[in-house]
Structure formats: C-alpha cells, structure tokens
Amino acid sequence: MEKKNLDWSNIGFGYVQTDKRYVSNFKDGAWDEGGLTDDANVVLNECAGVLQYAQTVFEGMKAYTTEQGKTVIFRPDLNAERMVQSAKRLEMPVFPEDRFVDAVVQTVKANEAYVPPYGTGATLYIRPYMFGTNPVIGVKPADEYQFRVFGTPVGPYFKGGVKPLTIKVSDFDRAAPHGSGHIKAGLNYAMSMHAIVTAHQEGFDENLYLDAATRTNVEETGGANFLFVTKDGKLVTPKSNSILPSITRRSLVYVAKEYLGMEVEERTVPFAEVKEFAECGLCGTAAVISPVGKIVDHGNEICFPSGMTDMGPVTKKLYDTLTGIQMGRIEAPKGWIKVVE
Ligand SMILES: Cc1ncc(COP(=O)(O)O)c(C=O)c1O
C-alpha cells in the first residue's frame, strides 16, 4: 500500500479529509446494510433531531502501523460496547457491536494510504458517530438515524517533546450524579466549551472537574481520566459513575497489574489527597498519557515532584508499555489488537 505524501510529523490534530467513509441508515426500526461512500457531506432536514435536541453520540479510537508493518486498531470492541451504552442512554437504536467493528475495519482498510507509517508518531484517528436525522419538533427521540465512521490522520501528540500540563480546578461541573457523564454524547462536550475556553484564557491547559454533588472528589477533565501514582509506587485512579469509562485507563490498569506488577486502586479520590501523590497524568486515546506537572485550586498550587519538564518515572513506564503494545513492540494481551487484513 503506497502511503499518501503527507508531512506525517507535522499534521497536528485536525480534520484531514480521507477517501472513504462508512454510512448506515436506520429507518422503520432497522439498520440498512450500510457501506462505504466518497461523500464527506451530510445533508439533513432543518428540523433533524440532532440539530434541535442534540441527539448524537460518538466514539474515538486509533489505527497504527506496527513495527512489523501491519495496520492495527486498538480494542475497537470496547468502543463498540461503549457506544451501545451511549445510544441507550439517549434513546437511540443500538448499532450492533460486530457491525460497528466491521464498519471501523472497512473504513481503515479503504483509507490505508492515510494510516501513518511506523516511527512517525502519527496515527489514524477514527471517529464513529450516530445522530437523529428525521424532523422532530416536540421533545422526543427521532425515529430515523444515521451511523457513520470516518478517519483522519493526526500527528504525534508530543511533537517537540513531552510538556507536563498545568490544570485548573474548575468552578463548573461536568456531569450530574445520575446524569450523562458516563456516556460519550455531544451534549457533554457542548457544555464543556465555555469551561475550557475560560481555562485557556487564564493560561491553563485543562480543567479538573470535581464531583458535582459534594465538590470534594476528583472526577476527570473534559477529555481524559486521571491517573495518580503514590509515593510508594501504587497506581490510583478515580472511580465514579459520572466519568467516562476510558478505554486507555482500563488498559493501563491492566498493564500496571499484569505487566508491571503494580498495585492498583480504583476508588474515590478526595481532592484533599491529591497533594500527597508523586505523579499525575491524564489518560485517553489522543495522548495515551499526558503528564500533569501542576494543579491550581483557586491560587493554591499543587506541584508534583515529577516536575514541569518530564513524565514521572512510573507514568513513563506505563506509557512506554502501552504504546509498545499498540505499536507491536511488546506482546499484547489476547484480543487487544485488531489487525486490518
Ligand atoms: C470525557 C472523556 N474522558 C475520558 C476520555 C478517554 O477515553 P478513551 O481512553 O476511551 O479515549 C475521553 C476521550 O475519549 C473523554 O472524552
């Protein structure tokens, strides 16, 4: 497969239109057989459910070229399963999990020329999503939906080296108890825009959201779960019903236990405990782990001993092991790597 002539190391994280995308439509209670199309545009009625009442859910994952030159996708079955949970919560039809994985594989295969070569640090970001398409004016679920998958090549996350983040404890809440924080729905991101724009204007990289009920426990940021490392080398990660169940976090917990022999605690993390930790990181598909150097709570600074220039040593080991698994340098647990053939 001849690759596109793109400047892989400098493409950044933006939309690059690729050749093919997958589309399937839901009508009269059933999904059609679906397939690939060249048309990157979606034309909708002015009153479509997604436009009026934000009935849309999505997923994000990556395809890589391994050291052996294979194109692989990391754990798409978990994205399929998470999208089922997201769809059910918004009263949308479920796109069958096996069909989801097949649609992702078809999309990656049709755009293999855009899957960045091994060693560039770049990857193909894959975006499956679903939305209500028919006119809806009274508040109720749509009857018709479209499921789509596209891919876009994205550059290396740590271009020019790792730079630990500075995070602000947000005055806004991300998710209510018993709300929609645990699903990947556009509505959770629409309402986070004001908080992130405000944080950026104040010079912060990200927001740390506390739990909305008590404002005492760490939840997550707008796009990643938290990882902490204790001074005696344990991995601690917040457990909450209102955070997104990150696939990267679940994978890192497994890697910590089974590959690195670490002790792991998945539990409520009081914000008051954060100053005791040795390392902090954010985990998600985009960066795998971004180290956090500093958290600022209304003028009070928590500076992690790992500092503002590097990843902490335990964070680095976790990062190297998981990226090693993704890139084919380290043997993966069974079922984690979907090879595109
Ligand atoms: C709110 C939120 N939390 C966590 C994550 C990380 O999840 P994953 O590791 O599945 O990418 C994401 C990104 O997908 C996110 O948007």
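**Note on the predicted model: strands, salt bridges and surface patches**

1. Strand E5 (residues 61–65) and strand E7 pair in the antiparallel sense, and 3 bridges join them. Within this pairing, Met61 stands opposite Ile126 of E7. It should be kept in mind throughout that the model under discussion is predicted.

2. Strand E7 also pairs with strand E4 (residues 56–58), again in the antiparallel sense and over 3 bridges. Here Thr56 is the residue that stands opposite Phe131 of E7. A further partner of E7 is strand E8 (residues 145–154), which runs antiparallel to E7 and is joined to it by 10 bridges. In that pairing, Leu124 faces Pro153 of E8 as its opposite residue.

3. Is strand E7 largely enclosed or largely open? Of the 10 residues in E7 (residues 123–132), 9 are buried, so the strand is largely enclosed by the rest of the structure. A residue counts as buried when its relative accessible area is under 20%. As background for reading any such strand, the side chains of a regular strand alternate between the two faces of the sheet.

4. Lys294 stands opposite Cys303 of E16. The side chain of Lys294 also takes part in a salt bridge with Glu301, at 3.5 Å from N to O.

5. How many salt bridges does the structure hold? The number is 13. Side chains of opposite charge can pair when their charged atoms come close. One of these contacts joins Glu202 to Lys168, with the closest N and O atoms 2.6 Å apart. Glu202 lies in the loop between helix H5 (193–201) and strand E10 (206–208), while Lys168 belongs to strand E9 (residues 165–169), so the pair ties together parts that are 34 residues apart in sequence.

6. The two partners of this salt bridge may also be described by their accessibility. Glu202 has a relative accessible area of 43% and is therefore partly exposed. Lys168, by contrast, has a relative accessible area of 12% and is therefore buried.

7. Another salt bridge lies within a helix. Asp320 and Lys316 form the contact, and their closest N and O atoms are 2.9 Å apart. Both residues are in helix H7 (residues 313–326), where they are 4 residues apart, or about one turn of the helix. Asp320 is partly exposed, with a relative accessible area of 32%. Lys316 is likewise partly exposed, at 39% relative accessibility.

8. Lys234, Glu265, Arg267 and Glu273 are connected in a network of salt bridges.

9. Which residues make up the patch of negative charge on the surface? They are Asp77, Glu81, Glu97, Asp98 and Asp102. Helix H2 (76–89) and helix H3 (97–110) are the elements that give two or more residues to this patch. The largest share, 3 residues, comes from H3. Glu81 is located in helix H2, and at 36% relative accessibility Glu81 counts as partly exposed.

10. The surface also carries a nonpolar patch. Val42, Leu44 and Leu51 form this patch, and together they have about 220 Å² of accessible area. Leu51 is found in helix H1 (residues 49–53). With a relative accessibility of 52%, Leu51 counts as exposed; the cut-off for that class is over 50%.

11. Tyr254 is partly exposed, at 36% relative accessibility. Tyr254 and Val264 are 10 residues apart along the chain, and their C-alpha atoms are separated by 9.0 Å.

Methods:
Residues are numbered from 1 along each chain as its sequence is written. This is a predicted model: local features need pLDDT of at least 70, side-chain atom pairs count only at pLDDT 80 or more; totals for chains, interfaces and linings use all residues. Side-chain values use heavy atoms; hydrogens and water are left out. Patches are made of residues with over 30% relative accessible area and no salt bridge: like charges are joined within 9 Å, nonpolar side chains (Val, Leu, Ile, Met, Phe, Trp, Tyr) within 5 Å. Accessible areas come from the Shrake-Rupley method with a 1.4 Å probe; for residues, only the protein chains shown count as cover. A salt bridge is a side-chain nitrogen of Lys or Arg within 4 Å of a carboxyl oxygen of Asp or Glu. Lys and Arg count as positive and Asp and Glu as negative; His and the chain ends are not counted. The place of a charge is taken as NZ of Lys, CZ of Arg, CG of Asp or CD of Glu. Buried means under 20% relative accessible area, exposed over 50%, partly exposed in between (1.4 Å probe, protein chains only). Two strands pair if DSSP finds at least two bridges between them.
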